[in-house]
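Please consult the sequence and the structure as each answer is read.

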Amino acid sequence: MKVVLFCGGYGMRMRNGDASDVPKPMAMVGPRPLIWHVMRYYAHFGHTEFILCLGYGAHHIKEFFLNYQETASNDFVLRNGKAELLSTDIADWSISFVQTGLESAIGERLRRVRPFLEGDEMFLANYADVLTDAPLPEMIERFSASDAGASMMVVPPQSSFHCVEMGEDGRIGALTPVSEMPLWENGGYFVLRQEVFDHIPEGGDLVADGCGELAKRGKLLAYPYRGFWKPTDTVKERVQLDDAYAHGDRPWARWEREPATASMA
């Protein structure tokens, strides 16, 4: 099954006062950028056909893969001055690099790569900046068995703030952590059918337009997940992931501890 990755946004919340044009998916976690970790997750489950929706800082992503160094994350033997790899990361990947505009909304980026999805009843999509250890085959199987036009992973709110219950006199009766509220938020992992294109107008958004309209029609499926899920919307969150990686705490790296599984499509 093909995987569409949205990796053309500015990622302003990831900036730390510099003028770098490196897009957020290229922020480093360990020796590899975020986008590599996301792609490695999909590849672990047999999904190795990627369509990258490029925009801001596209040359950084292109250069990374054009000059990819397998020795950075694979064992090898150095013999007569040449590296003989004992394993590889991306040798069996197919990656399409598609410029989808500097200012395009996510839905418009998806519209612009539709020709690359021709003939595919279902496909996967991701923001390329969120890591999880969710069971992808289960997510796909639930969607495949439904008549929904889209499936969205949903996760508990990640905010550390508290909601307050306040009386008319201004006195607070209770404080409840947002994360404990009966709410769910978009987790950024999608399984989609071609039907989603029917509801995304030119310049439109995947969630607000495509998923919003499907929800009105009862054709948007949720995949609730309470396991590991980590966004990288801020510098702090990216640093936390990098630090966890350095200490061997990387639950999203399922490929490091379990056999690879075959794709359903």
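**Terms and values**

Q: Why is S104 called buried?
A: S104 has a relative accessibility of 15%, and buried means under 20% relative accessible area, exposed over 50% and partly exposed in between, with a 1.4 Å probe and protein chains only. S104 therefore counts as buried. This is a predicted model, in which local features need pLDDT of at least 70 and side-chain atom pairs count only at pLDDT 80 or more, while totals for chains, interfaces and linings use all residues. Residues are numbered from 1 along each chain as its sequence is written, and side-chain values use heavy atoms, leaving out hydrogens and water.

Q: Where is S104 placed, and which residues does S104 touch, not counting residues up to four places away in sequence?
A: S104 belongs to the loop between β7 (94–99) and α3 (106–112); helices (H or I, at least four residues) and strands (E, at least two) are DSSP runs, numbered from the N terminus. With residues up to four places away in sequence not counted, S104 touches R109 and R112, where contact means heavy atoms within 4.5 Å.

Q: What makes N80 exposed or buried?
A: The relative accessibility of N80 is 77%, so N80 counts as exposed. N80 sits in the loop between β5 (76–79) and β6 (82–85), and its phi is near 55 degrees, a positive value in a residue other than glycine.

Q: How do you know whether A128 is buried or exposed?
A: Because its relative accessible area is 0%, A128 is buried. The loop between β8 (122–126) and β9 (130–132) holds A128. Although A128 is not a glycine, its phi is positive, at about 70 degrees.

Q: Why do β7 and β14 stand at the edges of the sheet?
A: The open sheet has 7 strands in the order β7-β4-β1-β8-β13-β10-β14, with mixed pairing; two strands pair if DSSP finds at least two bridges between them. β7 and β14 (220–224) each have a single partner strand, so one side of each is left without a neighbour in the sheet.

Q: What makes β1 and β8 a pair, and how do they run?
A: Strand β1 (residues 2–7) is joined to β8 by 3 bridges, against the requirement of at least two, and the two strands run parallel. Within this pairing, V4 has A125 in β8 as its bridge partner.
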